[in-house]
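The sequence and the coordinates are shown here for reference.

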Amino acid sequence: MCNEPESVTHLFFDCCVAKVVWELASEILLTPLGVDFESIARWWISRKKHASLNVCTWALLWSLWKIRNAICFQGLVWSDVKLVIRKATKMA
């Protein structure tokens, strides 16, 4: 989604697109998310108590991955961050 060297951490947290996605999610969910894997995985421990938060973070991670693959392998043209949010919303 950007021209930086690709890594898992970059794709999910350091990329400019991922940063905006996590910023929006943090505002909507009223919970600081998306700085690194630990910032979202800490909620996975208490699955029942934070079930909806976990579904949202899972959907955002999966959406980032699926859109990255669509761009790389299927010729999808990047439009904007709303693409990630829409895909995650449909999945959740």
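Predicted model: local features only at pLDDT ≥ 70, side-chain atom pairs only at ≥ 80, totals over all residues.

## Packing of α2 against α4

The axes of α2 and α4 come within 11 Å and cross at roughly 165°. Since angles over 145 degrees count as roughly antiparallel, the two helices α2 and α4 are therefore roughly antiparallel to each other, and their crossing is right-handed.

On the α2 side the contact is made by Val17, Ala18, Val21, Trp22, Ala25 and Leu29, while α4 contributes Leu53, Cys56, Thr57, Leu60, Leu61 and Leu64. Sorted by class, the residues of this contact between α2 and α4 comprise 11 nonpolar, one polar and no charged.

## Packing of α4 against α5

The helices α4 and α5 pack with their axes 8 Å apart and at an angle of about 125°, and they are therefore oblique to each other. The crossing in which α4 passes α5 is right-handed.

From α4, the residues Trp58, Ala59, Leu60, Trp62, Ser63, Leu64, Lys66 and Ile67 meet Leu83, Val84, Ile85, Lys87, Ala88 and Met91 of α5. The residues of the contact of α4 with α5 divide into 11 nonpolar, one polar and two charged; Lys66 of α4 and Lys87 of α5 are among the residues that meet here.

## The largest pocket

The largest pocket has a volume of about 170 Å³, and its lining consists of Ala25, Ile28, Leu29, Cys56, Ala59, Leu60, Ile85, Ala88, Thr89 and Ala92. Two or more residues of this lining come from each of α2 (16-29), α4 (51-74) and α5 (82-91). By class, the lining holds nine nonpolar residues, one polar residue and no charged residues.

Definitions and conventions
Residues numbered from 1 in each chain as written. Heavy atoms only, no water. 1 Å grid on protein atoms, 1.4 Å probe; cavity = no way out; pocket = protein on both sides within 12 Å on 5 of 7 lines; lining within 4 Å. Points joined across faces, edges and corners; volume = space filled by probe spheres on them. Helix = DSSP H or I, 4+ residues; strand = E, 2+ residues; numbered from the N terminus. Nonpolar A, V, L, I, M, F, W, Y, C, P; charged D, E, K, R; others polar. Axes fitted to C-alpha atoms, helices over the stretch in contact; angles between N-to-C directions. Parallel < 35°, antiparallel > 145°, perpendicular 65-115°, else oblique. Left-handed = near helix turned anticlockwise from the far one by under 90°. Contact = heavy atoms within 4.5 Å.
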